[in-house]
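Please read the following briefing alongside the sequence and the coordinates.

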Amino acid sequence: MTMSTAQDTQGLLWEVFVQSKPGQPHKHSGSVHAHDKEMALQNARDLYCRRSEGTNIWVVPASEIVASSPEDIGSFFEPSNDKVYRHPTFYHVPEGITHM
Amino acid sequence: MDQIKLEENFQAKLDRNEMIEPKDWMPENYRKHLIRQISQHAHSEIIGMLPEGNWITRAPSMRRKIVLLAKVQDEAGHGLYLYSAAESMGISRDELLDQLHTGKAKYSSIFNYPTLTWSDIGAVGWLVDGAAIMNQVMLQRTSYGPYARAMVRICKEESFHQRQGFEIMQVLAKGTPEQKAMAQDSLNRWWWPSLMMFGPADDNSPNSANALKWKIKRESNDQLRQRFVNQTVPQVEYLGLTVPDKDLKWNEEKKGYDFGEVNWEEFYNVIKGNGPCNKERLSAKVQSHKDGAWVREAANAYAAKKNKVAAA
Ligand SMILES: [Fe+2]
Ligand SMILES: [Fe+2]
């Protein structure tokens, strides 16, 4: 039952981001294959929103996503570690002062 | 970093119960193991649509028909979530499908058994999805992130699958003597193949040690099988049916049931391709892929034409 799909194609890979409720951020759901934008959007709807999981969908060609690499986790995120003054707990609020 | 250091870091990360993500370093064998497991799982969801699809046109009522349609559609979705997870490890969808169509990749043996009567649809939802759920609940905490996240989504959708199956069994078991006999016959045929779904016994399972070390699995085949029996026997009793196992007995000491030996010869025989429906399932899948070729070609041509217009 040999059957080569070498000439075959499932189309591009698209990453899918779904907003679960109005006002919420879009969250990565998974991916779909599709040959163009419209099809990607429809496939994403059929695959990731069969139970009213979403109010809005973004689809992005997977090849267009730029991601930081895990090996750089130290050097890439390091610069923020020593800036404690970016957190409110760094500051002393005098007793009696409220609403701050 | 040298290989040994990398592997140590990898194992340390797993031991801290941290997840592995697609771009993280991983041992080649971990990648291979997971591509095999996730793709087998995906193929099982897809091939699993065939025995149930067989009854959509003959469902006994409109309610049963829309429920079965929705369930089978969910299984297609599960297959697609899992193909996506496998692809994140660097294998293409075309390669994955090719492995299935050429018989190189396996799928769960349970789907090589036929659905002969309507009550088989009840037994499949109740027992087969039930056994799958037991395994998938564990896999929600598997160490590979995309696989674990696909499992969370799948588990949310599965519980209606099992309930609709049990509902079918309930109606038949409380129906006429003929209906009850039909339900019992389905239980007789699906009980043992369902226990086989958990895989070989622990002392005979070559891939288990790595799967546990790498936190891909968190419980052994026999542990899951035992839990399935413990949970399902009271459901059989509720239905007023009989488990087809003369050795089944409550064991107060282990607070679980003792049960008979699975027929492992049958299990390996079906894996080897000699089950009742192996050939039929694979040829149906290959045929539907061929039948869909013109759709993919047309979509491809249309996309190419639009890109050309946009570029002009
Ligand atoms: Fe499923
Ligand atoms: Fe299911």
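Leu116(B) lies in the loop between helix 5 (93-101) and helix 6 (118-139) of chain B, where helices (H or I, at least four residues) and strands (E, at least two) are DSSP runs numbered from the N terminus. The model is a predicted one, in which local features need pLDDT of at least 70 and side-chain atom pairs count only at pLDDT 80 or more, while totals for chains, interfaces and linings use all residues. Residues are numbered from 1 along each chain as its sequence is written, chains are lettered from A and ligands numbered from 1 in the order in which they are written, and side-chain values use heavy atoms, with hydrogens and water left out.

- Leaving aside neighbours within four places in sequence, Leu116(B) is in contact with Trp55(B) and Arg189(B), contact meaning heavy atoms within 4.5 Å.
- The C-alpha atoms of Leu116(B) and Arg218(B) are separated by 35 Å, and the two residues are 102 residues apart along the chain.

**The interface of chain A and chain B**

- On the two sides of the interface, 25 residues of chain A are in contact with 29 residues of chain B.
- About 2,400 Å² is buried between chain A and chain B, with carbon and sulfur atoms giving 50% of that area; buried area is the accessible area (1.4 Å probe) that two parts lose on being put together, summed over both.
- The rule finds 12 residue pairs in polar contact across this interface, both residues being at pLDDT 80 or more; a polar contact is a pair of N or O atoms within 3.5 Å, where within protein one must be able to donate a hydrogen and the other to accept it, and residues adjacent in sequence count only if both atoms are side-chain atoms.
- Strand 2 (26-34) and helix 1 (37-48) of chain A each supply at least two residues of the side of chain A that touches chain B, and helix 1 of chain A gives the most to that side, with four residues.
- By class, the side of chain A that touches chain B has eight nonpolar, 10 polar and seven charged residues, where Ala, Val, Leu, Ile, Met, Phe, Trp, Tyr, Cys and Pro count as nonpolar, Asp, Glu, Lys and Arg as charged, and the others, Gly among them, as polar.

**The iron site in chain B**

- The iron ion (ligand 2) is coordinated at 2.0 to 2.8 Å by Glu75(B) (OE), Asp129(B) (OD), Glu158(B) (OE), Glu158(B) (OE) and His161(B) (ND1); donors are N, O and S atoms within 2.8 Å of the metal (3.2 Å for Na, K and Ca), and water is not among the atoms, so sites may look incomplete.
- Along the chain, the donors of the iron ion (ligand 2) follow the spacing E-x53-D-x28-E-x2-H.
- Glu75(B) bridges the iron ion (ligand 2) and the iron ion (ligand 1), which lie 3.3 Å apart.
- Because Glu75(B) lies in helix 4 (residues 62-87) and His161(B) in helix 7 (residues 145-173) of chain B, the pair ties together parts that are 86 residues apart in sequence; both Glu75(B) and His161(B) are buried.

**Salt bridges**

- The structure holds 26 salt bridges over all chains, and the count between chain A and chain B is six, a salt bridge being a side-chain nitrogen of Lys or Arg within 4 Å of a carboxyl oxygen of Asp or Glu.
- The side chains of Asp74(B) and Arg50(A) meet in a salt bridge at 2.9 Å, N to O; Asp74(B) lies in helix 4 of chain B and Arg50(A) in the loop between helix 1 and strand 3 (56-61) of chain A, so this pair joins two chains.
- Asp74(B), which counts as buried at 2% relative accessibility, also forms a salt bridge with Arg51(A), the closest N and O atoms being 2.5 Å apart.
- Arg64(B) and Glu167(B) form a salt bridge at 2.7 Å, N to O, and because Arg64(B) lies in helix 4 and Glu167(B) in helix 7 of chain B, the pair ties together parts that are 103 residues apart in sequence.
- Arg64(B) counts as buried at 15% relative accessibility, whereas Glu167(B) counts as partly exposed at 28%.
- Salt bridges that share partners join Arg50(A), Arg51(A), Asp74(B) and Glu157(B) into one network.

Technical notes:
Buried < 20%, exposed > 50% of the residue type's maximum accessible area, 1.4 Å probe, protein only.
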